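Here is a short briefing to read alongside the structure. Let's walk through some charged pairs and then a pair of helices.

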Amino acid sequence: MLVVAKFGGSSVANATQFKKVKDIVLSNDSNNARNAVVISALGKKEKGDSKITDLLYLLHAHLKYNVPYTNIYDMIKERFGKVKSELNLTLDLDKEFNDLEKLLTKDIKEDFLVSRGEYITSKLMAEYLGYGFVDAADVIKFNYDGTVNYELTYELIEKAYLENGKIIVPGFYGAYPNGSIKTFSRGGSDITGAIVSAALKATYYENWTDVSGILMTDPRIIKEAKAIKEITYAELRELSYMGASVLHEHTVFPVQKANIPIKILNTNSPLDPGTIIREDCTDKEQIITGIAGKKLFTSFTITKKQEVNKLSVIQSALNVFAKFNITVEHIPSSIDSFSVVVPSSDVANNLYDVVTVLKANPDIQDVHIDDDISLIAVVGRNMVDKPGMSGRIFGTIGSNNINIKMIDQGSSELNIIVGISEDDYIKTLNAIYHEFVG
């Protein structure tokens with residue numbers, strides 16, 4: 001068995017967290033199978049503190065605009081130095097920072113500078129665990145168009161693992177063919193962990209963070225939100241699409257393709273079961289898997305003339321939205337009308353232009369605008385086996401005096417989406433959660 005474990009910034013925020021990581025990696029609960037570890041940069045060590053990555057971005061901005069940066073640079077050095085001294089490590093940080101300091105000009109590449117957070121954190125962790133350090137720039141390879149060269153990357157990771165036996169790989173970055181550093185978007189260490197897992201054909205990909213799994217809904221709204229036991233990749237995509245902050249959106253592709261389950265676990269409570277993400281789940285207890293939502297949508301309800309073919313009008317309308325580069329989220333329809341739901345931000349500056357072009361179509365009788373739409377998705381693979389689920393959801397919303405403006409449900413019943421007013425968003429989320437979870 002081989003387990004790839006990725007530890008986020010909160011898991012490596014200070015020396016105390018380093019010790020927790022070591023206990024987890026070297027524990028017997030996985031038969032010491034955590035032979036490949038992916039590390040993020042030092043995160044916040046306490047509330048109000050700064051992540052190392054944030055400080056590095058700030059440092060780059062100061063360099064770019066010729067603003068004094070010494071205090072920021074010293075803060076970064078101090079954070080790493082404290083971890084080293086408290087863990088009695090021997091890594092030559094003076095050399096690391098002296099080499100970096102020579103490059104601190106306004107021309108330094110942002111990707112290179114911010115990647116040093118993961119780079120130095122991983123070097124410290126490699127020494128602390130006694131693992132071989134593998135620079136992500138040597139194994140995570142990008143094409144010049146910014147896509148990952150998976151074939152070469154997998155080959156290099158496998159080779160590095162065979163040479164070292166146990167490896168630490170920094171997350172968040174890789175390199176172009178010419179060797180220059182390229183980062184993923186923020187949260188990209190999740191992607192690194194998934195890539196390493198796929199390359200090594202891992203049994204599991206563990207993603208260690210500061211929460212005990214994926215929560216069923218937004219804990220900022222429902223503080224008692226429970227953790228999800230099991231979730232499929234399809235359900236995860238639906239929840240992520242509807243705004244749930246779970247994993248970086250590109251994380252699942254490498255592991256899903258290789259059929260490798262993901263475990264979301266808590267570094268501060270390692271015995272908690274967490275959440276497991278896999279292609280197929282056996283748990284039938286949870287009727288719904290999760291509830292997620294997004295605010296700020298605008299609905300264009302388009303009524304066609306009765307004698308006109310609806311499909312041609314829909315195609316014509318979608319061409320208009322495409323012309324204005326507007327993202328179309330949903331298209332619920334009835335016999336003579338259909339609605340096109342779009343992010344309000346996409347039409348903030350051109351709403352009336354879009355309406356004017358739509359109304360110029362002789363086959364369109366009317367266009368009605370509603371810019372007060374929030375969407376809430378109820379997601380669950382087990383809903384299809386429960387008769388009356390839609391009625392129960394709509395009944396719950398109605399009994400709370402909430403008006404439903406839109407309904408969108410696929411034939412698979414993996415998710416049911418309702419549109420309500422912005423003012424009813426929190427009320428609706430609470431009503432649905434407490435109806436099905438208690």
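E235 and R381 are both buried, and the two form a salt bridge whose closest N and O atoms are 2.8 Å apart. Please keep in mind that this is a predicted model. The points below follow this pair, then turn to other salt bridges and to a helix contact.

**The R79–D49 pair**
- A salt bridge also joins the side chains of R79 and D49, at 3.3 Å from N to O.
- R79 is in helix α3 and D49 is in the loop between β2 (36–39) and α2 (52–64), so this pair links parts that are 30 residues apart in sequence.
- Are R79 and D49 buried or exposed? Both of them are buried.

- D372 and K405 form a salt bridge, with 3.5 Å between the closest N and O atoms.
- D372 lies in strand β13 and K405 in the loop between α13 and β14 (406–409), so the pair ties together parts that are 33 residues apart in sequence.
- D372 has 26% relative accessibility, so this residue counts as partly exposed.
- K405, at 30% relative accessibility, is likewise partly exposed.
- D370 comes into the picture too: salt bridges with shared partners join D370, D372 and K405 into one network.

**The salt-bridge count**
- How many salt bridges are there when a side-chain nitrogen of Lys or Arg must lie within 4 Å of a carboxyl oxygen of Asp or Glu? The count comes to 14 salt bridges.

**Helix α3 against helix α5**
- Back to the helix that holds R79: the axes of α3 (residues 70–86) and α5 (residues 110–129) come within 11 Å and cross at roughly 5°.
- Angles under 35 degrees count as roughly parallel, which means that α3 is roughly parallel to α5.
- Which residues make the contact? On α3 they are F80, V83 and K84, and on α5 they are G117, I120, T121 and L124.
- By type, the residues of the contact between α3 and α5 divide into four nonpolar, two polar and one charged.

Technical notes. Residues are numbered from 1 along each chain as its sequence is written. This is a predicted model: local features need pLDDT of at least 70, side-chain atom pairs count only at pLDDT 80 or more; totals for chains, interfaces and linings use all residues. Side-chain values use heavy atoms; hydrogens and water are left out. Axes are lines fitted to C-alpha atoms, for helices over the stretch in contact, and angles run from 0 to 180 degrees between N-to-C directions. Helices (H or I, at least four residues) and strands (E, at least two) are DSSP runs, numbered from the N terminus. Angles under 35 degrees count as roughly parallel, over 145 as roughly antiparallel, 65 to 115 as roughly perpendicular and the rest as oblique. Contact means heavy atoms within 4.5 Å. Ala, Val, Leu, Ile, Met, Phe, Trp, Tyr, Cys and Pro count as nonpolar, Asp, Glu, Lys and Arg as charged, and the others, Gly among them, as polar. Buried means under 20% relative accessible area, exposed over 50%, partly exposed in between (1.4 Å probe, protein chains only).
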